Amino acid sequence: MHNAFRPAWWLNGPHLQTIYPALLRRTAPPAAIRRERLETPDGDFLDIDWCEDETKPLVILLHGLAGSSRSGYIAGLQHSLPSQGFASVALNFRGCSGEMNRLARCYHSGETEDIGFLHRELRRRFPRRPLAAIGFSLGGNVLLKWLGEQGTDADLFAAAAVSVPLVLSECADKLDRGFSRIYRDYLLRELKQYMQIKQRHLLAIGRDDQAERIRQLGDLRPIRSFWQYDDRVVARLHGFADAADYYRRSSSRQFLPLIRVPTLLLQAKDDPFMTERVLPSPAELSAAVHLEISNGGGHVGFVGGSGFRSSYWVEERVGKFLQNIPPGFNI
């Protein structure tokens, strides 16, 4: 179904909607944020950022590619959710918290072990507390895949996913065309720099074996597409045969029929990271998935407002969605 989002008149276009919040939104995390480090079973760690009130339902927040808990859309939610009746905890994927992780492995669009680990830890601490989750872009793909994998065992009362690359191969192709190559080049620069920093960090902390795994990837500088990067880096580090195998196994659209948690999926037709071909048909959605498609909104944009005052529609929409589902309800 189509949603009611209307872009701000002065940001009426996919690239303005995408670039404005990414580069110009200045939203610091709430002052009350508390960081905690969780040691993972494989000898690594995850940093999580709490905006806590133990009397309220807790919402897990998942950022996108090259993002963190300090990304504007995550910080914005950590400001808005308390007034809507929710606490939050933002997961920084491995190596994204400001400190590199201890292993060569990173994070990727299909990596659901870490959200599963965090969910189990939260359930251990809060056996009866209502939990929900919201993911953006890559984080949305991870969330939808995890929900599908868990089925009826996904112990959340609700979930939401925004601007999700539902078919990864289509999105990689789209980023090789037209103006979208600007986003591709920016993200690839970030990722290649990330791997260089990671290799130096692993050597500095004495993890020569892990640094060697990255060295064996070779010179990443000539890489010019996500197909090349994912084939060389993601597939080799995470056990996929190649990029095509990674995209096939990790794309979240195939998991939508398996989701049993009430889930809001927000997509824009003009998202410059993908084409309309990634959008699922009604027959692909389980009864638990509520898909809303807008004509505008860009990628993780959805900037509305009147005059020259901007407002971030996603924060209002997901808050209302969470409020309207009684904790404990499941399909």
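Mentor: Here is the pocket, then one of its residues, then the sheet. This is a predicted model, where local features need pLDDT of at least 70, side-chain atom pairs count only at pLDDT 80 or more, and totals for chains, interfaces and linings use all residues. Residues are numbered from 1 along each chain as its sequence is written, and side-chain values use heavy atoms, with hydrogens and water left out.

The second largest pocket holds about 170 Å³ of space. A pocket here is an open set of points on a 1 Å grid over the protein atoms alone, where a 1.4 Å probe fits, with protein on both sides within 12 Å along at least five of seven lines; lining residues have an atom within 4 Å of a point. The volume is the space filled by probe spheres set on the points, which are joined across faces, edges and corners.

The lining includes K192, M195, Q196, Q199, I214 and R215. L217, G218, D219, L220 and R221 also belong to it. By class, that is 4 nonpolar, 3 polar and 4 charged residues. Asp, Glu, Lys and Arg count as charged; Ala, Val, Leu, Ile, Met, Phe, Trp, Tyr, Cys and Pro as nonpolar; the others, Gly among them, as polar. Helices α6 (180–204) and α7 (208–215) each supply at least two lining residues. α6 gives the most, with 4. Helices (H or I, at least four residues) and strands (E, at least two) are DSSP runs, numbered from the N terminus.

Now take K192. It sits in helix α6. Its relative accessibility is 13%, so K192 counts as buried (under 20% relative accessible area, 1.4 Å probe, protein chains only). Leaving out residues up to four places away in sequence, K192 touches L220, R221, I223, R224 and Y229 (contact means heavy atoms within 4.5 Å). V233 is 41 residues from K192 along the chain, and their C-alpha atoms are 9.6 Å apart.

Next, the sheet. It is open and mixed, with 8 strands in the order β1-β2-β4-β3-β5-β6-β7-β8. Two strands pair if DSSP finds at least two bridges between them. β1 (34–39) and β8 (289–294) are at the edges with a single partner strand each, so one side of each has no neighbour in the sheet. Strands β6 (158–162) and β7 (263–268) run parallel, joined by 4 bridges. One pairs A160 with L264 in β7.

Methods
Buried < 20%, exposed > 50% of the residue type's maximum accessible area, 1.4 Å probe, protein only.
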